[in-house]
Amino acid sequence: MHGRILIGIAALAAATTALAQTPARKPNVDEASVGSYVLPELLRLQDGTQVRDKAVWESRRRPELLELFAANQFGRTPSVAARPRVETIERDGVGLGGLAKRSQVRLVLGGGADAVKIRVVRYLPAKATTRVPVLLHIGFSPNVLVFDEPGIDEGMAWDVRNKVRVPDRKATLLAGFDARPFLEKGYGVAHVYYGDIEPDFAGGAAFGVRKHLGGVNDPRRPDEWGAIGAWSWGLSRILDWLQADPGVDGGKIALSGASRLGKTALWAAAQDPRFALVMPVISGESGAAISRRDFGETIADIASPSRFHYWFAPRYFSYAADVANLPVDAHMLLALVAPRPMLLVNGDEDTWSDWKGESAAAEAARPAYALYGAQADLAVFTHKGGHKLLPEDLAAMSDFMARQFGDPVLVARNAAMKANLLRPSAWWPALADKPQGWFASDEARRIADNILSWQDPGSGGWPLMNTTAQHRDAAGGATGPWGSRAALIKATVNEMRFLARAQAARSDTRFVPAIDRGLGYILGAQYPTGGFPHSWPTFNTPYDHQATFNDDEMVDLLELLRDVATRPEFKVLPAERRRAAQTAFDRGIDFILKTQIRAGGTLTAWAQQYDEKTLEPRGARKFEPVAISGGESANVLLLLMSIERPGDAIKRAIHAGAAWYRAVAITGIRVEHTGRDRIVHRDPSAPPVWARYYQIGTNRPIFVGRDGIIRHALAEVEQERRGGYAWYGDWGRTVLDRYAGWRRQHP
């Protein structure tokens, strides 16, 4: 073991002063003896003004709190222009037995014998082909001990008990951190030894970054920064480097550290909003635990001149016997991270760090997250055990990153789809408004040639893509993001409409056969029960065969069939083909009437998809559950209301559907779509909205992520799905507006 001692964090006090030396006083570990305390108000400015929105929070309250923490707890980080220079040691070498690509740098501050060299090792998944999120972890041990593989940059570490340098391999190894759970989920990991930034002992400022930046006065000023501030400054400089790394998604860098380094992670994230997610582990007193709770470690213990006073501003210890007058507390520190996701990790036997005080702080910080509609993004994970970083913690942390950042492979695939010139797009509405004469133009002829080139020679349908953008030959045979899948959604319908208009404007012998073959494709895809599958004639997913309303496919197809049967531009087709289209339309309406969900004896609305034989509601993708759809049901009702002479069954369906939309309208909230996320805010003045999914029988809105777990708050779904799916809409308003006029015509 090269003289190393393999120990857990809980045992470190016995081996080194790198973790807490328990003071002589006996701490309170009895909940019944905690006593009462009053937290300073989180959402009230120092002048007494109540904070009611995120604008006031960001412009006034958050800066106030940063200043209070700097002045009273952590000290002020100097505003200096000094930045380390980067010395590259390795670039994308083989790491962790081929699991990762490894890069190493030294961030060097100063020169000569006084230079501070911050050594960083960064691992990216070996198979990563695009930028990936990265977890930056600050640890107690040199990189070579944490990863123990050939080629790691080695140097000197600190024996903090004796305040001397020792070779890295003679330092103490803390068991616990493992990069693999993160790499296996597609994320990168960067690791830094905290002693490289500044050694962890009184007087260590003379050997660390503060030597070059200021903060070594003797005595220090009351608000002068301490070691936690120095370590935090170093983390931001590593962030500078990571954001310049071409393999790293600079907008998705997470931060973690344990014990005092959990406190460091919190202070670093509070000061530097570029950290997109933070996971402090067992951070305890002066970190995530309420200081006003007389339980376990206290300010008197941690900031004592005989213990860890040098971590903090000197003023902090003045509150040791007067904690009630400390103007801040842990809930405010946590709130400074809002609305960025945060996971507090602690242990249920860690009485010294007051794990219950961390949970109390999280609840007290949640109102700041509520300003952004992000309450669920502040979470707590409690392991069975004490002051340790355990494998289950790492699993929980990697899972939390996955919920917030999404699967990097999936995110990259979605980005590639979005960038694809041939991706599906709503091209027809813009062209449908063109005057009829335009359809005889050279531009229209070019688009028609493109459309014809993509018609499948076997089935007669068109693939799920923008068939107007390029000719198949010009695209080299490439297709859109969904390949050559002959999909009905947003495909075939628009191509047939365009060709029919083009034929009416300027006859072409190619157009009518193509329209007829497209119609044959649609007629052949319809089930005897009247529904249509997701795709035809091949099924590429387990749900492709289901009869679907998803993305308004059923409505689009039925509207086309009705147009084929009734509109003049389709008179180019034989009469029997047009009659077949009418028959298919009628069969589809019958399917709609049979699939309207009845709950508790009352007709409601429709699910997204159904078993094509039994007509029972079915789910599709993991985030598309069995439910009543507030989205797709709207256009189903609009289609029914467009029927000129509706029968009694259709009228009943419309009345029931409109009544359901009235009953499930959601008031008092406003949904903000930021482009990457959807955030729900409380807003009593906002107009009603409707959820995409409602639980059958209860009409309770439900939300589902890629894990398939049903939740009842959108904030609980991972960011990738929150921002990538239409969970709320004003669908019901359109229905009810149309229904008001329809009802007057059909009393």
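Residues are termed buried when their relative accessible area is under 20%. By this criterion, both faces of strand β12 are covered in the predicted model. Met342, Leu344 and Asn346 are buried on one side, and Leu343, Val345 and Gly347 are buried on the other. In a regular strand, side chains alternate between the two faces of the sheet. Since six of the six residues of β12 (residues 342–347) are buried, the strand is largely enclosed by the rest of the structure.

Strand β12 has parallel partners in β11 and β13. Strand β11 (residues 277–281) is joined to β12 by two bridges, and the two strands run parallel. Within this pairing, Val281 has Val345 of β12 as its bridge partner. The pairing of β12 with strand β13 (residues 378–383) is also parallel and comprises six bridges. Here Val345 stands opposite Phe381 of β13.

In an unreviewed UniProt entry, residues 224–373 carry the annotation "domain: 4-O-methyl-glucuronoyl methylesterase-like". In the model, this span is 37% helix and 15% strand, and its end C-alpha atoms lie 36 Å apart.

The second largest pocket contains about 510 Å³ of space. Its lining comprises 24 residues, of which Pro339, Pro341, Asp677, Gln719 and Arg722 are the closest to the pocket centre. By residue class, the lining divides into ten nonpolar, five polar and nine charged residues. Four secondary-structure elements, β10 (248–258), α12 (391–405), β21 (678–682) and α22 (719–724), each supply at least two residues of this lining. The largest share, three residues, comes from β21. Because domain 1 (122–406) and domain 3 (596–746) both give residues to the lining, the second largest pocket lies between these domains.

A further sheet was identified elsewhere in the chain. This open sheet is formed by three strands in the order β14-β17-β18, with antiparallel pairing. Its edge strands are β14 (547–548) and β18 (617–618), each of which pairs on one side only. Strand β17 (residues 609–610) and β18 are paired in the antiparallel sense over two bridges. In this pairing, Gln609 has Arg618 of β18 as its bridge partner.

Notes. Residues numbered from 1 in each chain as written. Predicted model: local features only at pLDDT ≥ 70, side-chain atom pairs only at ≥ 80, totals over all residues. Heavy atoms only, no water. Pairing = 2+ DSSP bridges. UniProt positions renumbered as here; feature names shortened; annotations may be inferred. 1 Å grid on protein atoms, 1.4 Å probe; cavity = no way out; pocket = protein on both sides within 12 Å on 5 of 7 lines; lining within 4 Å. Points joined across faces, edges and corners; volume = space filled by probe spheres on them. Nonpolar A, V, L, I, M, F, W, Y, C, P; charged D, E, K, R; others polar. Domains from an automatic or database assignment. Buried < 20%, exposed > 50% of the residue type's maximum accessible area, 1.4 Å probe, protein only.
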